[in-house]
Amino acid sequence: MRLVRDVRIQPSPGTDPEEPFADRLIRFADEVGREVMPDAPGEARIIVRAETHGSLVAIREELQRRGQRSVLIHQQEGRNAPGALRFNNAIAALDAPEAQDVRFWLHQWKLLEGVDDSRFCGVAVLEPFGTSRAVIQQVGRVLRYRRRDHHECALVMESGLVGEDLAERFGRYLGYEERFQTDPADALRRETNFFETLRKASPAVQYISGDFRNRLDLDRHDIGFTDIQLPTRTFITRSSGSLTLDQIAEASAVAMGLEDRHDATVLVPQADDPQNIRLVAYVAWGNSPLLTRKAMPSWTLGVMAIVSVRDRIFLLDTEGLVIDPVRLGLEAEGPEELQRLVPISSADETWRVTVASAVSLDISDMGIRSVTARMRDFGAGFYDLAQGMQATTSVRALMKANAGASSSRYLSLQRATVSDANSGYVSIEDYAKWIDGLADRLDSAFAPSAAFGRFAQALPAPEAARAKPQNILFDFAEIIGEGGDEVPDGWDAARTQALAHADRCLDVDADGKFRLEVDGQRFDGAVKYEVTGNIRRRGQYILDIPELDAHLIGRFSNAVKRRERSQLLSGMLSRNQAFRVVPADPALVYAQKHFYKPSISIETVARDQAGGPLEAVVASPWLDQITSEKGTGTSSIDDWVNCSAFGGVYAHFGYAGRGRLDNSRRDAIRAIDPEMAALLDQFSIVVCDDGGTETCDFICVDQTGRRVVMIHAKVDDTIMSLNSLQEVGRQAQASLSMMTSTHQFPDRRGEWRKHVPIKDGRLTRRIVKGPNVDSAWPIVRDALRSQMYAREVWIFAGRILERANLITQLQRTPPSPRVRQMTYYLASLQTSAARANVSMRIFCSP
C-alpha cells in the first residue's frame, strides 16, 4: 500500500513565455483538480511560493482581477484578517472557516511545514528556493493521499530556470533516497565510516612534508603533547571556579559532537609535560567550497588547548571555538586588564602601536561606522578629536627587546584574544610558557600604552533604568563579513547578502520592540537588557528576531528548533553582542560588549595625562613676558628683544639690532627658558616669512633631525582668550596645505629679499640663520617636498593662554563653558594638523 503520492514536475501550461503568471497558474490549478481529485476538482488546493511579500501581493492582485480568491500568508501582515484572507501565520489561515473553499494559498515560507491536508495537491513556484531542504519540505506538503483506492500524483509547476533548479534539486534528493532504499545498512555504514575507512587504508608510515611520519590514530594511547604544535594565540577568560580544568576539557569534547567534529579525544599531560594544560584533538569535516552540487568531503585535524593559570582559563581552538564559555563558568577578560598586554615602553622593551582599529560611538547614518589606521606609533605625537567618540576594538604593536627576540602582537579588546607573530608554531611546552607570560603581565602593574588613552574608556555596567535601549545599530559585518559573503552554514546566500544593506540606526520603543527592514521586507524584533557576571558586573542585551531568523534559513519560524537558535541570527547577535545601543542615559553608548562615555573626558584632560589635548600645550617662561608679536621700530633694543616674539627669535640667532648683526643678546631666551632655546638651536635654517602673502611668521629647517617647522605668533595680554587663539589658529590651519608633499610651495625668494615691515620701522634681514636667500630657498623647498622630513606647526600663543590656569579651571566642578570651549578648540587644532600628517605644538604662558 502506498503511503504518499508520487510527484511529477512539469512545465507550466502554455507555450507563450510572455503570458502572465496568473493565467498559467489558473490553468495549472484546473489540471491538478482534474488529475489528482477528479471526483472533487474544485476542492484541490495549490500552494504558490514567491520570495517576497511584494511578489505575493502582486500575484494576489492579478488573481483578483481574474475573479480568483487567494489566501495570503506572510509575516509582514500586521494581523490575521480572515475576512480579507490575509494572515501572518499559517495555523490561523488553515483553521479559518473563510479560507476553506479557497484554491490558491500564497506564501514565502510559512507553508513549508505544518500542513497535513490532502486537499493540497499542487505546488507552483514563482521564485527559487535557496536550499534543497526547502524544496523537499515544500513538495512534502502535497504528498498526503486523499483516496488510496486509486493512484494519485502531486504536480509541481516549474517555469524556466526556476523550474530547472527545482527539478534538479528534487532529482538529487530522489537519488539519495533510492541509494538508501537499495541497501540501508551499507548506505549508513558508508555515510558514517568514510573517514575511518580512508584512515585505515593509508600507510602506517609516510614520507610527507619533508619527513617520515607515522599515521595519526586519535584512538590510540601513544599520541602525546610532543606530537602537537600550536600557534601562539589565545582567548583570555576569567573562571568562576565552578568547573575544574578536567571538567572543562570533558565538556568541550562532548560539545564537539554537535558541530560536525568527530573523534574528539582529551589528551592529558604526562609526567614531563606542563600540568596546567589539556588538549582536545578532533577531526572536522565538510564539503569542498568549490563544489555546488557534487560532494567531496574533506577532513581537518583540529586541536583545542585549555590552559589554567591562577583564576584565568586561556582557550585556543585551531578551527574556531564552538563552545559557550558562559556555560563553563568563564567570562571574557575586561579591556582594562587586556591593555596591559601592550604596555608603555620600558628599559627592557620598546613597544610601538602601529595599527589601531575602533568603532564609532556615533550610530547615526552620517557617522563613520569604524576606522582602521596605521602609523609609526600611535602612542606618541598623534591626537584626533574624533577618537573621543571611538572605542578601541584592536591594536597591532611591535615589540623590540633589548635581549631576546622581537615580535609583533595583535590584541583584540573586542574578543579578548591575543596572538603573537614570531616563529609560527611552537611546542606545547613553549606554548604553556607563553601563556604564563601573558598571565604575569595581566596581573602586573604595567601601565598600558598611551595609545589606549586616546580613545573612549569603558565604564561599569549601569542599572537597568539607565541602560534601557532607545536606538540600536546592528554590526552584521561581524557575522557575515563586510560584503555579506561569509555565509553561515545553512543560511541562504542571497538573503544573507541583503543583511549587508540593512545597517541603519533603528528606534526602539518603550517595550523594547523595533522593526528592521531587509531587502524590502519588514521584520519585528525585540531587545532586552540584563545584568550578568559571576566574576564582575556585566551588562548585555538579548536579541530576538524570530521571523528574520527563519527567513535567513528558508524555514517557518515555528519549525525552528530551540537547539538551533544559537546558530541563527538572533543567537549570534546576542552571543557576539554585534550591535551598538544608545541607552536611556544620554551620556552612554553600548558597543563591543561594554558601555562607553563618548567625547573628551574633561576629568582625564584635567589630569594632564599623555595622549590628551594638553600634551601638545607647552609652557614657556619666555613667552610669559612677551607683550608684542613684532615690536616696534622706535623701542629700545632691550625692549624689542625682551618684550616681542620676533625680537627674541632674532636676538637668539645674533641679530638683536632689528636684523643687523648684534650678538650681545644671544642668551636672552636661554636665560629664562632653556628648553625653548634648545629647541631653536636645533634649526640649521630659520627664515622670517612675515609680510605680504606670508605662509607663516618663521620657516625653520632642521637638517640633522629632518624636520621642517612653521611658526605662527600671536600675542594678547589675557589669561584665556579663545578669540585670539582662534585668529592665530586659523592662520596655522591655513598653512597646513603648504606643508603637504604634493603642494607646490611658491617661490619665496622675491619676498625674502625684502625688509620685514614692523610698526614705525622694519627688520633689515629675513634669513635669521643659514646661508643667503638663493642657497636657503632650495633647502626649504626640498624639505617641504621630502617624505623623509617630519612636519610641524608651532603656535607662539604667549599670554593668550595660561597653561596652569587652564588646568585649574578644568578641575572645577563643573568646568565653565569657556574652559570647555578652549579645550575642544585645542583638540580640534591638533586634530586638523594630525589629519594632514603634521604635528602641532602650542607654546604659551606657564
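What is the order of the 7 strands in the open sheet with parallel pairing? Read across the sheet, the order is β1-β7-β6-β2-β5-β3-β4.

## Before you start

Welcome to this predicted model, in which local features need pLDDT of at least 70, side-chain atom pairs count only at pLDDT 80 or more, and totals for chains, interfaces and linings use all residues. Residues are numbered from 1 along each chain as its sequence is written, and side-chain values use heavy atoms, with hydrogens and water left out.

The helix and strand labels come from DSSP runs (H or I of at least four residues for helices, E of at least two for strands), numbered from the N terminus. Two strands pair if DSSP finds at least two bridges between them.

Contact means heavy atoms within 4.5 Å.

## The mixed sheet

Another open sheet, also of 7 strands, has mixed pairing and the order β32-β40-β39-β35-β34-β33-β38. Its edge strands are β32 (617-619) and β38 (767-769), each pairing on one side only. From one strand to the next, the twist averages 25°. As a general point, strands of a sheet pair through backbone hydrogen bonds, either parallel or antiparallel.

Strands β34 (residues 698-702) and β35 (residues 707-713) run antiparallel and are joined by 5 bridges. Val701 has Val708 of β35 opposite it. Helix α24 (residues 803-810) packs on the sheet, where it touches β32, β39 and β40, and its direction makes about 75° with that of β39. Helix α21 (residues 722-735) lies across β35, β39 (790-802) and β40 (839-845), running at about 170° to β39.

## Two helices side by side

How do the axes of α21 and helix α25 (residues 817-835) cross, and within what distance do they come? They come within 11 Å and cross at roughly 5°.

On the α21 side, the contact is made by Leu722, Leu725, Gln726, Gly729, Arg730 and Gln733; on the α25 side, by Gln821, Met822, Tyr825, Leu826, Ser828, Leu829 and Ser832. These residues divide into 6 nonpolar, 6 polar and 1 charged. In this scheme Ala, Val, Leu, Ile, Met, Phe, Trp, Tyr, Cys and Pro count as nonpolar, Asp, Glu, Lys and Arg as charged, and the others, Gly among them, as polar.

In the loop between α24 and α25 sits Pro814. A cis peptide bond joins Thr813 and Pro814, with omega about -10°.

## An enclosed helix

Helix α13 (residues 546-553) has 7 of its 8 residues buried, so it is largely enclosed by the rest of the structure. Buried means under 20% relative accessible area, exposed over 50%, and partly exposed in between (1.4 Å probe, protein chains only). The buried residues of α13 include Leu548, His551 and Ile553, and the buried set packs against α12 (493-499), β26 (513-518), β27 (521-532) and α14 (569-576). Just after α13, Gly554 takes a positive phi of about 65°.

## Some residues to look up

Ala416 is in the loop between β20 (407-412) and β21 and is buried at 1% relative accessibility. Gln577 is in the loop between α14 and β29 (579-583) and is buried too, with a relative accessible area of 4%.

Asp420, in strand β21 (residues 417-421), is buried with a relative accessible area of 10%. Its side chain makes a polar contact with the side chain of Trp434 (2.9 Å). A polar contact is a pair of N or O atoms within 3.5 Å; within protein, one must be able to donate a hydrogen and the other to accept it, and residues adjacent in sequence count only if both atoms are side-chain atoms. By contrast, Lys433 of helix α9 (residues 428-442) is exposed, with a relative accessible area of 52%.

Note on methods: Axes fitted to C-alpha atoms, helices over the stretch in contact; angles between N-to-C directions.
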